[in-house]
Amino acid sequence: MPPEQSLPLPILTDRFNRHVDYVRLSVTDRCDFRCLYCMGEDVQFLPRAEILTLEELLTLGRAFVALGVRRIRITGGEPLVRRDLLWLLERLSALPGLDELTLTTNGSQLASMAGGLADAGVRRLNVSLDSLQAARFRDITRVGDLGRVMAGLRAAQAAGFARIRLNAVILKGRNEDEVIDLVNFARHEGFDLAFIEEMPLGQVHTHDRAASFYSSAQIRDDISRHHALTPVIDQTGGPARYFRMPDSAIRIGFISPHSHNFCEQCNRVRVTAQGRLLLCLGQEHSVDLRAVLRERPGDGEALRAAIVAAMARKPRGHDFDLARRPQILRFMSHTGG
Ligand code: SAM
Ligand code: SF4
C-alpha cells in the first residue's frame with residue numbers, strides 16, 4: 001500500500017481516537033449475594049419486562065461483533081442466576097469474528113455450571129473472592145457461602161479453565177489483613193489475582209468509602225514484603241496493571257481507578273441489563289439500545305447505527321472522587337462490573 005494511503009479507522013472509534021473492541025454485557029441485575037460495596041441490603045431488582053431478553057442480548061452481541069468487537073465479557077449482577085444463560089453463551093461464542101467470550105461470576109453456582117460454561121464456549125473466568133475466612137466472607141457478601149465458591153473454583157479447574165482470575169476488593173478494617181493469604185492461595189492454586197480499588201458507585205450505608213479505601217500502592221507494599229513483584233512488560237491493554245513474582249507463573253493485577261488513571265487506553269463499553277449502553281464506568285453518558293431493539297425489531301442497521309453514533313459520546317475519562325458524595329448513583333450490580 002502506498003504510504004499516503006493509511007488503513008481505514010476501525011468502525012468503533014471515539015473522539016479521542018480510542019478503538020472500542022471490547023464489550024461487557026450484563027445479563028441480569030439480580031444476584032444471590034449482597035456484597036456491601038456493590039449493593040444495598042434492601043436492593044430492589046428490576047421488573048422482568050425491563051431486562052433484555054436472551055434474544056435481544058444475542059442481537060446486541062451480533063451487532064457489536066459486526067462492528068469489530070473481538071471480546072465480550074458476560075457479567076451482571078450474577079450472570080449465573082440468569083435462566084437459560086447457556087443458550088445465549090453457545091450462540092455468542094459461535095459468532096464469526098469474536099475472539100473470546102469470557103465471564104465474571106461470584107462463583108456460587110460454578111460447582112454445577114462450570115462444565116456447561118466450558119462446553120458453551122466460555123474461554124476464561126473471573127471469580128470474585130474477597131476473603132478466605134468463611135465468617136468474614138459471609139459478612140462482606142452478607143449471605144455468601146465460602147464453601148460453595150471453593151467448590152465452584154475446583155469445578156472450574158476440573159472443567160479445564162486455564163488462567164482463572166480471582167478478583168478481590170480490599171477494604172481497610174475488613175480484609176486488608178488477608179492480602180498475603182489471598183496471594184498465597186492464588187499461587188498455590190495457579191490462579192491470577194487482581195486487586196480492585198473500591199469505586200464510589202451507588203450510595204452505601206455500611207461503610208464510609210473514603211475511610212475504608214485501601215490503595216493498590218499499599219497492597220503492593222504489603223506483597224513486596226513477602227514476594228518481589230516485577231511489572232509484566234506485555235500488558236493486556238485493559239485497566240489492570242500486572243506484575244509477576246520470580247517463583248510463580250501467576251500474575252498479580254491492580255485495578256486502580258483512584259491512583260492510576262487508565263482511561264487513555266480505554267477500549268471498552270458496557271451494556272446494562274436494561275440495554276443502556278454505558279460509554280464509561282464512571283460517567284453517566286449512555287444510549288438506550290433497548291429502545292432501538294424494541295421500537296425497530298429486526299432492524300440490524302438501525303441498531304448498528306445507534307452504536308456507531310454513541311461513540312461520539314464516550315467521555316475522556318471517569319471522575320471518581322471518594323471525598324465527594326457519589327456522583328454515580330447506579331450500583332455496580334446495575335452497571336455490569
Ligand atoms: N456477580 C459477579 C461477581 O461478583 O463477580 C459479577 C458482577 S460484579 C458487579 C463484578 C466485579 O465488580 C466483582 O469483582 C466485584 O467485586 C466488583 N465490584 C462491585 N462493586 C464494586 C465497587 N463499588 N468498586 C469496585 N469493584 C466493585
Ligand atoms: Fe453480586 Fe457480584 Fe455485586 Fe457481589 S459484586 S453483590 S456477587 S453482583
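Predicted model: local features only at pLDDT ≥ 70, side-chain atom pairs only at ≥ 80, totals over all residues.

Visitor: OK, ligand 1. Which residues come nearest to ligand 1?
Guide: There are 19 residues around ligand 1, and the nearest of them are Tyr37, Gly77, Thr105, Ser128 and Met199.

Visitor: How far is the side chain of Ser128 from an oxygen atom of ligand 1?
Guide: An N or O atom in the Ser128 side chain is 2.6 Å from an oxygen atom of ligand 1. Thr105 uses its backbone instead: one of its backbone N or O atoms lies 3.1 Å from an oxygen atom of the ligand.

Visitor: And what about a nitrogen atom of ligand 1?
Guide: For that, look at Met199, where a polar backbone atom is 2.8 Å from a nitrogen atom of ligand 1.

Visitor: Where does Met199 sit in the chain?
Guide: Met199 is in the loop that runs between β6 (192–196) and α7 (216–224). Met199 counts as buried because its relative accessibility is 10%, and the cut-off for buried is under 20%.

Visitor: Which residues does UniProt list as "binding site"?
Guide: An unreviewed UniProt entry lists Tyr37, Gly77, Ser128 and Met199 under that name. The unreviewed entry also gives Cys31, Cys35 and Cys38 as "binding site".

Visitor: Let's switch to ligand 2. What surrounds ligand 2?
Guide: Around ligand 2 you will find Cys31, Phe33, Cys35, Cys38, Met39, Gly77 and Asn106.

Visitor: How many residues of that shell are nonpolar, polar or charged?
Guide: The shell of ligand 2 has five nonpolar residues, two polar ones and no charged ones.

Visitor: Gly77 has come up a few times. Where is Gly77?
Guide: Gly77 lies in a loop, the one between β2 (71–75) and α2 (85–93). With a relative accessible area of 16%, Gly77 is buried.

Visitor: Is Cys31 buried or exposed?
Guide: Cys31 is buried, at a relative accessible area of 15%. You can find Cys31 in the loop between β1 and α1.

Visitor: New topic: rings! How many aromatic pairs does the structure hold?
Guide: The structure holds four aromatic pairs. One of them joins Phe33 and Phe137, with ring centres 5.9 Å apart and planes at 85°, so the pair is edge-to-face.

Visitor: Which parts does that pair tie together?
Guide: Phe33 belongs to the loop between β1 (22–26) and α1 (54–66), while Phe137 is in helix α4 (residues 134–141), so the pair ties together parts 104 residues apart in sequence. Phe33 is buried at 6% relative accessibility, and Phe137 is buried with a relative accessible area of 2%.

Visitor: What about the rings of Phe243 and Phe254?
Guide: The rings of Phe243 and Phe254 have centres 5.6 Å apart and planes at 80°, so this pair is edge-to-face. The pair links strand β8 (residues 241–244), which holds Phe243, with strand β9 (residues 251–255), which holds Phe254, and the two residues are 11 apart. Both Phe243 and Phe254 are buried.

Visitor: Which residues form an aromatic cluster?
Guide: Phe195, Phe243 and Phe254 form one aromatic cluster.

Visitor: Which ring does the charged end of Arg71 sit over?
Guide: The charged end of Arg71 sits over the Tyr22 ring, 4.3 Å from the ring's centre. Arg251 lies over the face of Tyr242, at 3.8 Å from that ring's centre.

Visitor: Nice. Which side chain does Thr102 contact?
Guide: The Thr102 side chain makes a polar contact with the side chain of Arg73, at 3.4 Å. Thr102 is in strand β3 (residues 100–105) and is buried, with 1% relative accessibility.

Visitor: And how far apart are Asn126 and Arg165?
Guide: They are 39 residues apart in sequence and 4.7 Å apart in space, C-alpha to C-alpha. Asn126 lies in strand β4 (residues 124–128) and is buried at a relative accessible area of 3%.

Visitor: Last one: where is Ala211?
Guide: Ala211 is in the loop between β6 and α7. Ala211 is partly exposed, with a relative accessible area of 49%. The C-alpha atoms of Ala211 and Gly173 are separated by 9.1 Å, and these residues are 38 apart along the chain.

Methods: Residues numbered from 1 in each chain as written. Chains lettered and ligands numbered in written order. Heavy atoms only, no water. Near = heavy atom within 4 Å. Nonpolar A, V, L, I, M, F, W, Y, C, P; charged D, E, K, R; others polar. UniProt positions renumbered as here; feature names shortened; annotations may be inferred. Helix = DSSP H or I, 4+ residues; strand = E, 2+ residues; numbered from the N terminus. Buried < 20%, exposed > 50% of the residue type's maximum accessible area, 1.4 Å probe, protein only. Phe/Tyr/Trp six-rings, centres within 6.5 Å; stacked < 30°, edge-to-face > 60°. Lys NZ or Arg CZ within 6 Å of the ring centre and 35° of its normal. Polar contact = N/O pair within 3.5 Å; in protein donor to acceptor, adjacent residues only side chain to side chain.
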